[in-house]
Amino acid sequence: MSEKSEVALIPCSTYEKDAVYQALGEGIRLLGGMEKFAVPGEKIVVKPNFLKKAEPEKAVMTHPSVIEGFCRLLFEKGHERIVVGDSCGHGTTTKVLSGLKLEESLQKYGAEVRDFTDGGNFAWECGKQAKSFRLAKEIQEADAVISLAKMKTHALERITGAVKNSYGFIYGMYKAKGHTVYPNADSFARMLVDLNQCVAPRLYVLDGIVAMEGNGPGSGDPIAMNVLLLSKDPVALDSVFCHLVHLRPELVPTNDHGERMGLGTWKREQIRVLTLGGEISMSEAVKKYGNPGFQVDRRPVKKGIWTNLAGVLQTFQKKPRIVPDKCVKCGICVQSCPVEGKAISFKKGKNEPPVYDYSKCIRCFCCQEMCPRKAIIVK
């Protein structure tokens, strides 16, 4: 029997800095201590989820207290070469963090904030879906990578957690281009699995103290889940996330393909849930920390002639739609569209909301992710 994957589940109901630092430390201790994930002297890249600039309480990005708490733990273990950064969906790391004073806080722990705006091609012949990646320079130069993800819903993959957070290893415009190369949930998920296996982060942390439900990953609603999850296995970590929100893990493409491709396991019998009070069953974890009312797509994948016919006709598919009363005509959705020739444009002029050309739309939902006014929904 193969060794089970361990996921540390630490309750935490506040973003007060010392409380988060303490909770992170307890989770790392349950997994064997920081020395299992990083050695002093190594260059360590800490990669949060910095989707776009937003107030921390909106749950769009990994909370600053989680980032600072983890860097503090590294610093106290003798680590002096720490880089914090991401390839943001809109803007740059420094712009996303402007006004939050996180850069100043991280400096006392020897951590440097970087924008992932430069890099190069990195061959990955082991890949099953992707044979190369345009990796940020900081990722290529790192000795160790730590992923600090955010617990959120996602229009394309149902959830974005540990596996999806790694997409920020790819820099600049190449992130947008990836959606045209891998235009559906399955091919995109398989690429993400290859990417995680290529970079091989040593530890994944999921900020679920306040998560995002509904119209995620950028326009949903904050909801308290009061947990931090930590694991070496991103699929197992995302599986626990799924169980806590009463979503079948196998319905998430990154879990399904992650299991098939050897990244990790989503099967509950192969996962050990570790808490400060000892190991608990998945059922106990769900009973104590789960939320059945969490708004996430739980619909099963339908198969058969009508589904196939709908696919051909592009009917009954999920589509992004603009809510006119919320739209401020900022054009960020148009800028975010990765399709050549644009699937959304100001066809009626900039005094009217943009208009979709669904014959071009690849349903990547980049427009919905980046909308700053929650004016785009997926139906």
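This is a predicted model: local features need pLDDT of at least 70, side-chain atom pairs count only at pLDDT 80 or more; totals for chains, interfaces and linings use all residues.
**Ground rules.** I kept local features only at pLDDT of at least 70 and side-chain atom pairs only at pLDDT 80 or more, while totals for chains, interfaces and linings use all residues. Residues are numbered from 1 along each chain as its sequence is written, and side-chain values use heavy atoms, without hydrogens and water.

**Cysteines.** I looked for disulfides (two cysteine sulfur atoms within 2.5 Å). The count is zero. I then checked exposure (buried is under 20% relative accessible area, exposed over 50%, partly exposed in between; 1.4 Å probe, protein chains only). Cys364 is buried at 8%. Cys330 is partly exposed at 40%.

**Aromatic pairs.** I searched for rings of Phe, Tyr and Trp (its six-membered ring) with centres within 6.5 Å; planes under 30 degrees apart are stacked, over 60 edge-to-face, the rest tilted. The whole structure has four pairs. One of them is Tyr167 with Phe188, edge-to-face at 5.0 Å and 75°. Tyr167 is buried at 3%, and Phe188 is buried at 0%. Another is Tyr171 with Tyr174, edge-to-face at 5.2 Å and 65°. Tyr171 is buried at 7%; Tyr174 is partly exposed at 24%.

**Charges over rings.** I required NZ of Lys or CZ of Arg within 6 Å of the ring centre and within 35 degrees of the ring normal. The charged end of Arg134 sits over the Tyr174 ring, 4.5 Å from its centre. Lys267 lies over the face of Trp266, 6.0 Å from the ring centre.
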